[in-house]
Amino acid sequence: MTSIVIVGAGPQLGLAIARTFGSQGLDVALISRNRDKLDDLAGKLTAEGITAAAFPADVLDRDALTQALKDAAAHFGGIDVLEYSPVGQLGVTALTAPAEAEPSHVEFEMNFQLYGAITATRTVLPAMREAGAGTLLYTTGAGSIRPDPRVANVNAAAAALRNWVMNLHKELADAGTGIQAAHVGIDVAIGDSDSVVSGIPVATPEQISPLYWELHTTKRDQAELVFKLGDGFPRG
């Protein structure tokens, strides 16, 4: 039996990814800050016949994140897929234009996006190297590829994460490790909530989650897929 750990698991995209992989027989480990919300997600998955468990941790607390990943690996006998997609809360992150940004505005996002991803990767990668197999998937908004000055500080950190993932993909592929690393850029708002940035089209989590399965299975040579809506059809 294989397993996926979702860092930043929530009731929209995280749950959809869990269902996509869980329906294919993978066990699901869920990581985010709120124990009650995680238990609710795990309960929903269990009711659907998917084996799932909650491991609370804040991605800004690197020691806690590392321990949660170790606990998940011990619980399920290893981690075969890491998906990293924490989402910041409105009111916590100050959205700033380039000329208005203070170093602290970008620093918070770098800790949240890039440094959390690096911490998670360093925790799970050694076992994947030993096994000669594994999948590492990282999610950002489209601002990592197509910048929007209204959210420049968030875009800067997302672009840094994307760059790091692209380099990680090349390093692992060139070394013949058998490990896939890829970036998923989401060029839509997710669900029925209002977008933080106006003018962005909306897609359901269920439209987006199959891209992750494609990267894990049939598109392991690709370093990136971008989800966007065009010609009336979602495409990665």
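## Strands, a helix and their neighbours

Thr135 stands opposite Gln180 in strand E6. This is a predicted model, in which local features need pLDDT of at least 70 and side-chain atom pairs count only at pLDDT 80 or more, while totals for chains, interfaces and linings use all residues. Residues are numbered from 1 along each chain as its sequence is written, and side-chain values use heavy atoms, without hydrogens or water. Helices (H or I, at least four residues) and strands (E, at least two) are DSSP runs, numbered from the N terminus.

**Strand E5 and its partners**

- E5 pairs with E6 (residues 179–186) in the parallel sense, over 8 bridges. Two strands pair if DSSP finds at least two bridges between them.
- E4 also runs parallel to E5, joined by 4 bridges.
- Leu82 has Leu136 in E5 as its bridge partner.
- E5, helix H5 (residues 152–174) and E6 form a right-handed β-α-β unit. Right-handed means that, with the strands pointing away from the viewer, the path from the first strand over the helix to the second runs clockwise.

**Thr140, a residue of E5**

- Thr140 lies in E5. Its relative accessibility is 5%, so Thr140 counts as buried.
- Leaving out residues up to four places away in sequence, Thr140 touches Gln113, Ala158, Leu161, His183, Val184, Gly185 and Ile186. Contact means heavy atoms within 4.5 Å.

**Helix H3**

- Helix H3 (residues 62–76) has 15 residues, which at 1.5 Å a residue should span 21 Å. The expected span is 1.5 Å times one less than the number of residues. The end C-alpha atoms are 21 Å apart, which agrees.
- Which residues of H3 are buried? They are Leu65, Ala68, Leu69, Ala72 and Phe76. They cover an arc of only 95 degrees around the axis, so they sit on the same side of H3. The arc is that of the directions from the helix axis to the C-beta atoms.
- An α-helix has 3.6 residues a turn, so residues three or four places apart point the same way.
- Asp63 and Ala74, on the other side of H3, are exposed (over 50%; partly exposed lies in between).
- What covers the buried residues of H3 includes strands E1 (3–7), E2 (27–31), E3 (52–54) and E4 (81–84), and helix H4.

**Ala131 in helix H4**

- Ala131 is found in H4 (residues 103–131). Its relative accessibility is 60%, so Ala131 counts as exposed.

Terms used. Buried means under 20% relative accessible area, exposed over 50%, partly exposed in between (1.4 Å probe, protein chains only).
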